[in-house]
Amino acid sequence: QDRIAYHVGDILETDWHPQPVEIAAVDAAKSVELTDFIADRFLRHMIPGASLLIHQDFLHGSQPWLCAQMVGFGDAFQPVAYCAPDTVVYLLTRPLTDADITAARVSDLTDAALQEAITTTRETLEQSLGRSDLGNRFDAMQTGLRDNPGQRVAWKMKRSKTDK
């Protein structure tokens, strides 16, 4: 317990002082703005070869931008685990640079770019984790995005029939 630091409050107003991040358990990336902020503020301080990114709701139909962020990070993260129904765990493999943070920004992506990232992520997880059983999660994400064009806030996404 003495090794865990809790920071309570509005994440966008945090005055957190940078320090190494060993485990980033992200359950606040509920909008593209928050997703970009978390990457810039916290993920850049992860430790290559040691830090884990636990992406809660990664495969949930209401947050397709998470796939796009991880595609944007390229080879900086390697998927290492899946926890049903929606969590994916990544290991940071190399230091994140300013260029990586910029490449992983999701705020300005089009629906088409997000759809492409979902497809890429599906292929990546099938290969890296041997998880060919997650197709329904990716299908729901693609349907949700199609049914909510331009929406970039998770709680505003209308749920499709396949995601209920």
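Predicted model: local features only at pLDDT ≥ 70, side-chain atom pairs only at ≥ 80, totals over all residues.
I'll start with helix α4. It covers residues 111-129. What length should we expect from 19 residues? At 1.5 Å a residue, the span should be 27 Å. The end C-alpha atoms of α4 are 26 Å apart, which agrees.

Now, which residues of α4 are buried? They are Leu114, Ala117, Ile118, Thr121 and Leu125. Look down the axis of α4, and these buried residues fall within an arc of 105°, so they line one face of the helix. An α-helix has 3.6 residues a turn, so residues three or four places apart point the same way. Turn to the other side of α4, and you find Ala112, Glu116 and Gln127 exposed.

What covers the buried residues of α4? The cover includes two helices, α2 at 65-72 and α5 at 135-147. It also includes two strands, β3 at 77-83 and β4 at 87-92. Past the end of α4 comes Gly130, with a positive phi near 65°.

Next, α2. This helix is mostly covered, with 6 of its 8 residues buried. The buried ones are Trp65, Leu66, Cys67, Ala68, Gln69 and Met70. What do they pack against? On the helix side, they meet α1 at 32-41, α4 and α5. On the strand side, they meet β2 at 52-55, β3 and β4. Just after α2 sits Gly74, and its phi is positive too, about 60°.

How do α2 and α4 cross? Their axes come within 8 Å, at roughly 70°. That makes α2 roughly perpendicular to α4. From α2, the contact uses Trp65, Cys67, Ala68 and Val71. From α4, it uses Leu114, Ala117, Ile118, Thr120 and Thr121. Sort that contact by class and you get 7 nonpolar residues, 2 polar and no charged ones.

Is Gln69 buried or exposed? Its relative accessibility is 1%, so Gln69 counts as buried. Leave out residues up to four places away in sequence, and Gln69 touches Thr35, Ala39, Leu43, His55, Ala104 and Val106.

On to α5. It has 13 residues. From first C-alpha to last it reaches 18 Å, close to the 18 Å expected at 1.5 Å a residue. Its buried residues are Gly135, Arg137, Phe138, Ala140, Met141, Gln142, Thr143, Gly144 and Leu145. Note that an arginine, Arg137, is on that list. The cover over these residues includes α2 and α4.

So how do α4 and α5 lie against each other? Their axes come within 10 Å and cross at roughly 180°. That makes α4 roughly antiparallel to α5. The α4 side of the contact has Asp111, Leu114, Gln115, Ile118, Thr119, Thr121, Arg122 and Leu125. The α5 side has Gly135, Phe138, Asp139, Met141, Gln142, Leu145 and Arg146. By class, this contact divides into 6 nonpolar, 5 polar and 4 charged residues. Compare the α2 contact with α4, where no charged residues take part.

A quick word on what follows α5. Lys156 lies in the segment after that helix. With a relative accessible area of 41%, Lys156 is partly exposed. Apart from neighbours within four places in sequence, Lys156 is in contact with Asn148 and Gln151.

Last, two backbone details. Some background first. Most residues other than glycine have a negative phi, and most peptide bonds are trans.

Which peptide bond is cis? The one that joins Ala84 and Pro85, with omega about 0°. Pro85 is in the loop between β3 and β4.

The second detail is Asp57. It is not a glycine, yet its phi is positive, about 65°. Where is Asp57 found? In the loop between β2 and α2. At 14% relative accessibility, Asp57 counts as buried.

To close, keep two pictures in mind. Helix α2 runs roughly perpendicular to α4. Helix α4 runs roughly antiparallel to α5.

Note on methods. Residues numbered from 1 in each chain as written. Heavy atoms only, no water. Helix = DSSP H or I, 4+ residues; strand = E, 2+ residues; numbered from the N terminus. Expected span 1.5 Å × (residues − 1). Buried < 20%, exposed > 50% of the residue type's maximum accessible area, 1.4 Å probe, protein only. Arc of directions from axis to C-beta. Contact = heavy atoms within 4.5 Å. Axes fitted to C-alpha atoms, helices over the stretch in contact; angles between N-to-C directions. Parallel < 35°, antiparallel > 145°, perpendicular 65-115°, else oblique. Nonpolar A, V, L, I, M, F, W, Y, C, P; charged D, E, K, R; others polar.
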